[in-house]
4 protein chains.
Amino acid sequence: MPEHSFRKVFASLESAVPPVPGHLKPRKTPVQSRSGATVEAIHEAVVQVLLTEGLARLTTTRVAERAGVSVGTLYQYFPNKQALLFTILLQHFVEMAEVIEKVSRDRAPRPLADLADGLADAYFSVKLARPEVTTALYRIAGAIDQVRLPPDVFKRLETAVTQALKHASDATFHDPERAAFTLLSALAGVARAGFSRPVSDPAFLRRLHREGRLLSRAYLRAAADTAADLSATS
Amino acid sequence: MPEHSFRKVFASLESAVPPVPGHLKPRKTPVQSRSGATVEAIHEAVVQVLLTEGLARLTTTRVAERAGVSVGTLYQYFPNKQALLFTILLQHFVEMAEVIEKVSRDRAPRPLADLADGLADAYFSVKLARPEVTTALYRIAGAIDQVRLPPDVFKRLETAVTQALKHASDATFHDPERAAFTLLSALAGVARAGFSRPVSDPAFLRRLHREGRLLSRAYLRAAADTAADLSATS
Amino acid sequence: MPEHSFRKVFASLESAVPPVPGHLKPRKTPVQSRSGATVEAIHEAVVQVLLTEGLARLTTTRVAERAGVSVGTLYQYFPNKQALLFTILLQHFVEMAEVIEKVSRDRAPRPLADLADGLADAYFSVKLARPEVTTALYRIAGAIDQVRLPPDVFKRLETAVTQALKHASDATFHDPERAAFTLLSALAGVARAGFSRPVSDPAFLRRLHREGRLLSRAYLRAAADTAADLSATS
Amino acid sequence: MPEHSFRKVFASLESAVPPVPGHLKPRKTPVQSRSGATVEAIHEAVVQVLLTEGLARLTTTRVAERAGVSVGTLYQYFPNKQALLFTILLQHFVEMAEVIEKVSRDRAPRPLADLADGLADAYFSVKLARPEVTTALYRIAGAIDQVRLPPDVFKRLETAVTQALKHASDATFHDPERAAFTLLSALAGVARAGFSRPVSDPAFLRRLHREGRLLSRAYLRAAADTAADLSATS
DNA sequence: AATGAATGAGTATTCATTCAT
DNA sequence: TATGAATGAATACTCATTCAT
C-alpha cells in the first residue's frame, strides 16, 4: 500500500495549470481547406526550423517565413509562440497515447512478456515513425516544461499503460500506476538519449528499439507480484 | 559484435563540437582564494536564480547581483552566459562520474545484483543530494542542448558503468557499453520524470530511488549473457 | 480694435489642414436605409468600444465586430480609423453648434445674464445628454489632435456664440469674437475637468453645470464694454 | 454645505492608482553627473520629438536617438514609455503648484481682485515660460489620461488655490474647493485652447493671459459670498 | 581587478488595411 | 455588396556583452 501513489505525480501537475490553458488554444478552427493547409504548413515549418536552426533561432517570423505565410497569418492560428511548440508536442503525446491504448484494447489477456514487447513496440513505433520530428520534439521539451502540457495527456498515457498491465494473463501488479510511471520514464530516457544526437542512424535506432524491449520485459517481470512467492505458498 | 557500438552515440557528438569548446572555458583559472570564492558564489547564484526565478529570468546581471559581484566581474570568470550554465552541468556530471567510479574501483568482484544496486544507489545519491539543484539542472538541460557537453564527460560516465559491469562475479556482458548506455539512459529517464515537478516530495523521491534499483537489477540481469548461465547449469 | 483677432486662432488651423481633408470624408453617402443603419451602428460601436475597452483597445476589427459587420464593410463607409473617431467628434461639434445657435436665433434681444445662462445651459445640455459619450469623446480628443477637425466647425461654434452676444439687450462687446473664444474655452475646460474621471456622478455633474452658469455670467458681464455703458449714463 | 464636495473629484482618483505607481518611478536615481545630463537630454528629446513629429511618432527609439543615447540607456532611466511622458507632465504640474503656492505664502491678506490676478499670472507664467513645452504637454495629455497623474499633484494644485482664496481680505468663500476647481479648470481650458495650435504667436499669447486675468477676477468675485447680501442685511 | 553605464541587435506581437472570393 | 483571411510594417522592451573609469 503505497503511502504516496504514483498517480499523484501527475495529479500534482493539475493544480498548476488549467486543463487546457485558454491562451494556448488555437485562435480559430481551420474549417476551410486553405486554413487547414496553412496550419499544417506552420506545423511542419516549426519542425524544420527546429531541426535546421535550433530552438534558440526559432522565431515566429522565421517559422512563418518557412511556412510561406506572414507572421500575421501565423498569429491568426496560434495565439503565441508557446502555443506553436505546445501544439506539436501535444500532437505527439496524443499519438503516443493512441498507439499504447491499442496494445490492450479489444484484446484478450496475454502473457506479460507479450505485453512488455507490445508496449515497447508501441513506444518506439511512434518515436521512429519520423525520427527528425522526434529529435525536434526533444529540442522543444526544455522550452515548454514551464507551462506544462495539460496533465490529461500524461494521465492518459499512464492510464493506457496501467490498463495494459492489467491485461497480463500471468501476472498481477500491486501498484500498476507506479510500474506504468517507471516504465514510461525509463523508455523515455532511452529514447531521449538515443535521439539526442545530430544525426539518427537507422541501424542504431533499431538497436535502441531492441534495448527498449529488453528493458520493458525485464522491468515489468521484476515489478510484477512475484509468481515465485505465490507458487511457493501453494 | 555490434555493427554500431553504443560508444558511438556519444562519440558522434564530438564532430559537432570541439572537445572542449574554447569559448566555454573559464577565462581565468581561479588560483587566488578570492577568485575561487567568487566563482563559487557565481555557481551558487546560478542555481539560486534558476530555482527562484526560472530559466527565463536567468540573466547575467541577475546572477551577478545574486552573487554579490558586478556583471563585469562575472564576465572575468565566464566568457558568456552559456558557460555559466555549462559549468554547473559539467560539475554535476563529474560528480556523478566520480561516484559511479567508486562502485567498482578498489573492490573485489561482486554479484551482479549487488553491482546493480550499487549503480542505482550511486546515481540517486547524487540526484538526491540536493534535490533543488537537480531540479535546476533539468531546467537548464534544454537551454544548452545545442552546445553539448564535452563528450569526454559522457564517455567517462559510460566507461565507469562499463567497468562496474565487468566486475560482476556471476555474469558477463557481450556488449557492456550497450548495457551501460541503456542503464544510464533508463535511470536518467526515471530521475528526470521524477524531478520534473514543481515540488519535490521526499517520500516520492525515496520511492523513485527504489524503482531505480528495481530497474537496474532487472535490466542488468536480463542484459547479461544468459547463454553462459545456461551452459553453467548443464 | 484688436491687433490680432481671436478669429485667427481658428483660422490659423486652416493652413495646416485642408478644410475637409479628403481622406477623412466618408467614402459613400449612406443613401439607402441599410447603409444608414450600418453607419449608425458603427458610430455607436465606436462609442461603446471606447467606453468599455478604452482608446488603446479601439481597433477597427473590434469596432466592426461590435457593430455586427465585417471589417471590410466598415472600410466601405470609413476610409480609415481616423475617420471613425473624427466622425463622432464632428457630430458632437455640430450638435453643440446647433444648440448654441438656437440660443439667439429667432429671439428678441435679452439681458446679458439671460444669454449667459442660455449659453451655459446649451453647452451643458449637450455634454450631459449622454455623459458616457462625452467621456468617450474626451478619450478620443488626444488621438486625433493631430489631424484637426475642420476649422469650419470651430468657426461655426464661435460664430454662434458671437451672434448670441450681439443679442444682449443691455451690453455691447468691443471684441465679441474674443469673448466668445474665451467663454467657450473656459466652459470646455470646466466640462473636461469634470468628465475626466472614471465615473460620472450625476450630482457632481449638476453642480458642474451650475458652476458653468456662474462662470458664464461672471465672465460675460466683465467682458462687456463697461466703459461705454458708464459714459452713456453720464 | 455641499452634498458632494469638489474635493471628492480629486479624491476619487486616488483609489484608482497608487500614490506613486511603482512602474512609473525612474529606475535609477541619477547620481553621477553624466546620468543627470542623460536624463535631461531624454526629457528634452521627448519634447522635441513631440513637437516635430507628434505623439503618434513618439517612439522610444526615436526619443533615444534624438537624445543621443541608445534605447537601452533610455530604459535604464525610465521603466517604460508611459513614464517618459508621465515625467515631463509631472514636472510641469509641480512647477505650477510651486508658483501658485507662492501667491499666498508668506503674504498678508489682499483684496480678492489682487489674488485673482496673482493666480492668473502664476498660471500663465508657467504656461508661457516655454510655449513649445506647453504645446508638447497638451499633445501628451490624451495619451496619459488612462494612468493618471498621482492625485497628490492635483490636490496640491487645488490646495494651493484654495489657500490663496482664504487669503482674500475682502471676501470669503462658502466652498473654496469648488471655486478652486472651477477656476483652475477654466484657466486650463483657456490655456489649452490657446496652445492647441501649431504655432504660438506671442501677441496672441499675451492676450490669452489678459483674458485669463479677466476670467479669474470675474469668476472669483461672483463665486465669493456676495458682499451685496451682507451689506443688504446691515 | 572591479565596476556598472552604455550599447543595440533581436523578438514577440499587434493592427490598420487590402482584396480575392 | 459583404466578407474575413492575409499581410507586414511598426514598436516596446530585454539582455548579453563591452569598456571607460
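This is a predicted model: local features need pLDDT of at least 70, side-chain atom pairs count only at pLDDT 80 or more; totals for chains, interfaces and linings use all residues.
## Aromatic pairs

The whole structure holds 16 aromatic pairs over all chains. A pair of aromatic rings is described by the distance of the centres and the angle of the planes. Take Phe204(A) and Phe181(B). Their ring centres lie 6.2 Å apart and their planes meet at 70 degrees, so this pair is edge-to-face. The cut-off for that class is over 60 degrees. The contact crosses between chains. Phe204(A) sits in helix H10 (residues 202-223) of chain A, and Phe181(B) in helix H9 (residues 176-195) of chain B. Both partners are covered: Phe204(A) is buried at 0% relative accessible area, and Phe181(B) is buried at 1%.

A second pair lies in chain D. The ring centres of Tyr123(D) and Phe124(D) are 5.9 Å apart. Their planes stand at 65 degrees, so this pair is edge-to-face too. Tyr123(D) is buried, with 6% relative accessibility. Phe124(D) is buried as well, at 0%.

## Salt bridges in chain B

Side chains of opposite charge can pair when their charged atoms come close. The count here is 32 salt bridges over all chains. One of them joins Arg156(B) to Glu101(B), with the closest N and O atoms 2.8 Å apart. This bridge links distant parts of the chain, 55 residues apart. Arg156(B) belongs to helix H8 (residues 151-166) of chain B, while Glu101(B) belongs to helix H5 (residues 81-104) of chain B. Arg156(B) is partly exposed at 32% relative accessible area. Glu101(B) has 18%, and the limit for buried is under 20%, so Glu101(B) counts as buried.

Glu132(B) and Arg130(B) form another bridge in chain B. Here the closest N and O atoms are 3.8 Å apart, and the cut-off is 4 Å. Glu132(B) is partly exposed, with 32% relative accessible area. Arg130(B) is partly exposed too, at 36%.

In chain D, Asp121(D) and Arg213(D) meet in a salt bridge, 2.8 Å from N to O. This pair also links distant parts of its chain. Asp121(D) is in helix H6 (residues 112-129) of chain D, and Arg213(D) is in helix H10 (residues 202-223) of chain D, 92 residues apart. Asp121(D) is partly exposed at 22% relative accessible area. Arg213(D) is partly exposed at 33%.

Salt bridges link Glu44(A), Arg130(A) and Glu132(A).

## Glu101 in chain D

Glu101(D) lies in helix H5 (residues 81-104) of chain D. Its relative accessible area is 17%, so Glu101(D) counts as buried. Leaving aside residues up to four places away in sequence, Glu101(D) touches Arg156(D) and Ala160(D).

## Helix H7 of chain C

How many residues of H7(C) are buried? The count is 11 of 14, so the helix is mostly covered. Among them are Val133(C), Leu137(C), Tyr138(C), Ile140(C) and Ile144(C). The buried list also includes Arg139(C), along with Thr134(C) and Thr135(C).

## An annotated region in chain A

UniProt, in an unreviewed entry, places a "DNA-binding region" at residues 59-78 of chain A. Over residues 59-78, the chain is 75% helix and 0% strand. The end C-alpha atoms of this stretch are 13 Å apart.

Asp106(B) has a phi near 55 degrees, a positive value in a residue other than glycine. Asp106(B) is placed in the loop between H5 and helix H6 (112-129) of chain B. Is Asp106(B) buried or exposed? Its relative accessible area is 76%, so Asp106(B) counts as exposed.

Chain D has a case of its own. Asp106(D) shows a positive phi of about 55 degrees, although it is not a glycine. Asp106(D) is in the loop between H5 and H6 of chain D. Asp106(D) is exposed, with a relative accessible area of 75%.

Key:
Residues are numbered from 1 along each chain as its sequence is written. Chains are lettered from A and ligands numbered from 1 in the order in which they are written. Side-chain values use heavy atoms; hydrogens and water are left out. Rings of Phe, Tyr and Trp (its six-membered ring) pair if their centres lie within 6.5 Å; planes under 30 degrees apart count as stacked, over 60 as edge-to-face and the rest as tilted. Helices (H or I, at least four residues) and strands (E, at least two) are DSSP runs, numbered from the N terminus. Buried means under 20% relative accessible area, exposed over 50%, partly exposed in between (1.4 Å probe, protein chains only). A salt bridge is a side-chain nitrogen of Lys or Arg within 4 Å of a carboxyl oxygen of Asp or Glu. UniProt positions are given in the numbering used here, feature names are shortened, and annotations may be inferred rather than shown by experiment. Contact means heavy atoms within 4.5 Å.
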